[in-house]
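Colleague: I am new to this structure. Could you walk me through how to read a few of its features?

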Amino acid sequence: MLDDAGKRARSDAAEAAGAGAAGAPGDAVMADAGGASTSAGAAGAGAGAGAGGGAGGSAGAGGAAGGAAGSVNAAAWRSKGEASGQGDALGLSLTAFKAGVGNLQGLLEGLVGAASAERESLARERAALGAERRALESERSRVAQVLCDSEQLTLNVGGQRFTTTVSTLRNSPAPSLFNAMFSGRHELQRAQDGSIFIDRDGRHFADVLNFLRTRQLAYPPDGTDYKYLLELRAEAEFYGLSGLTAAIDRFPWSRIRAARAACIEEDAHWVYEGGSDEIVVRVDGPCQLLGIGLCGTHGGYTAEVQVYAVDNDDFEKTLATLGGGTRTVTRADGPEARLDLYDPIPLLPGSTYLLSLLAKGSDSFVGEDCLPVLVAGGVRISVLCWESANGTNELRGQMPALYIRPSN
């Protein structure tokens, strides 16, 4: 039997074992270690009790001491486990912090890049605005030089001086040189006396200036100085005066008569019955049709001529009306009269043209033995087979001659 001391030792060992088992449930390893120490203490106490007597009491005391030591070890293991858990949590927090710092750094780098791009864009826009401002200032400076229409100015053309107004020089539609000069888009270079120099022949500028003033060519209708007309035409082309060029082209410079009829029968009587006399022609080189030869008359008639571009295969199919002219023919005109067209009509290779004459009045002479091919000024004119409503064809009838101007 155990004495009282042994019983107390066994009881203490049991309590120590219970205390070890009651450790923190979340740390299984530390609880097992504490339980093992308590069990060892209890075994010591039992061994002391089995020895009996005083020795048993000493052994029991030793067992109690072992149980106490086991309790202390269990507490130490729990403390170490808690410290280890805290260290793991700190490591996770540190990792999360580092990840957050990395994300923040990426965001900052993106913001810096966006700011740099925005700065460059603003710099480009500032440069563009500066260029626009300079262009606007330059335009403002040019506009400031624009003269009012009534202001007088002096032109020095090849050493000859002419005084006129801005409105006169602007009296020609674009693309005339003067219209552009005084539009405000160009800077005018003036001499010390205020005149504007134009490096052209001044001999023709008086006629150029008169045309701008009156819109008419100041040249006699029966003038024959075609050399001067051609020089004036070159000046008109330089100044971009298409109206003056057209007026010069109405004069018969370089005009060539292409005879179609071998003879004109004055004893014949060609009667006009309301239909048109027509011929169809083609050319092998560029030229201008200036006029039509008309047969004379015993009495008188009025002739109206129209020129059409027609289909190359179907002469009745009109493609365009190119121009025409009118004239009254009397006995005084002799065997042949010339009808001048209002404007020269360009004739081009590869196209087909129908010349239509509608006459009203008494009868007229007749052109006989007409040639199917005419050559004038190096241009070959072919008269095609065609029977018109009033009887004229490629062999006889009206329009005994054509008047052309070669373009080459």
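Colleague: In which hand does helix 7 pass helix 8?

Modeller: A crossing is left-handed if the near helix is turned anticlockwise from the far one by less than a right angle, and right-handed if clockwise. Here helix 7 passes helix 8 in a left-handed crossing. The contact (heavy atoms within 4.5 Å) uses Leu229, Leu232, Arg233, Ala236 and Glu237 of helix 7. From helix 8 come Leu244, Thr245, Ile248 and Asp249.

Modeller: A word on the source. This is a predicted model, where local features need pLDDT of at least 70, side-chain atom pairs count only at pLDDT 80 or more, and totals for chains, interfaces and linings use all residues. Residues are numbered from 1 along each chain as its sequence is written, and side-chain values use heavy atoms, with hydrogens and water left out.

Colleague: What are helices and strands here?

Modeller: They are DSSP runs, numbered from the N terminus: helices are H or I with at least four residues, strands E with at least two.

Colleague: At what angle do the axes of helix 7 and helix 8 cross?

Modeller: Axes are lines fitted to C-alpha atoms, for helices over the stretch in contact, and angles run from 0 to 180 degrees between N-to-C directions. These two axes cross at roughly 160° and come within 8 Å. That makes helix 7 roughly antiparallel to helix 8 (angles over 145 degrees; under 35 is roughly parallel, 65 to 115 roughly perpendicular, the rest oblique).

Colleague: Which residues of helix 6 are buried?

Modeller: Buried means under 20% relative accessible area, exposed over 50%, partly exposed in between (1.4 Å probe, protein chains only). In helix 6, residues 205-214, the buried ones are Phe205, Asp207, Val208, Leu209, Phe211 and Leu212. They pack against several elements, including strand 1 (152-157), strand 2 (160-165) and helix 7 (226-239). Helix 6 lies across strand 1 and strand 2, at about 5° to strand 2. Just after helix 6, Arg215 has a positive phi of about 65°.

Colleague: In what order do the three strands of the open sheet lie?

Modeller: Two strands pair if DSSP finds at least two bridges between them. The order is 2-1-3, with mixed pairing. Strand 2 and strand 3 (196-198) are the edges, each pairing on one side only. The twist averages 30° from one strand to the next. Strand 1 and strand 2 pair antiparallel over six bridges, and Gln152 stands opposite Thr165 in strand 2.

Colleague: Why is strand 12 largely enclosed?

Modeller: Six of its seven residues, 364-370, are buried, so the rest of the structure largely encloses strand 12. Five bridges join strand 12 to strand 5 (residues 261-270), and the two run antiparallel. Ala261 stands opposite Cys370 in strand 12.
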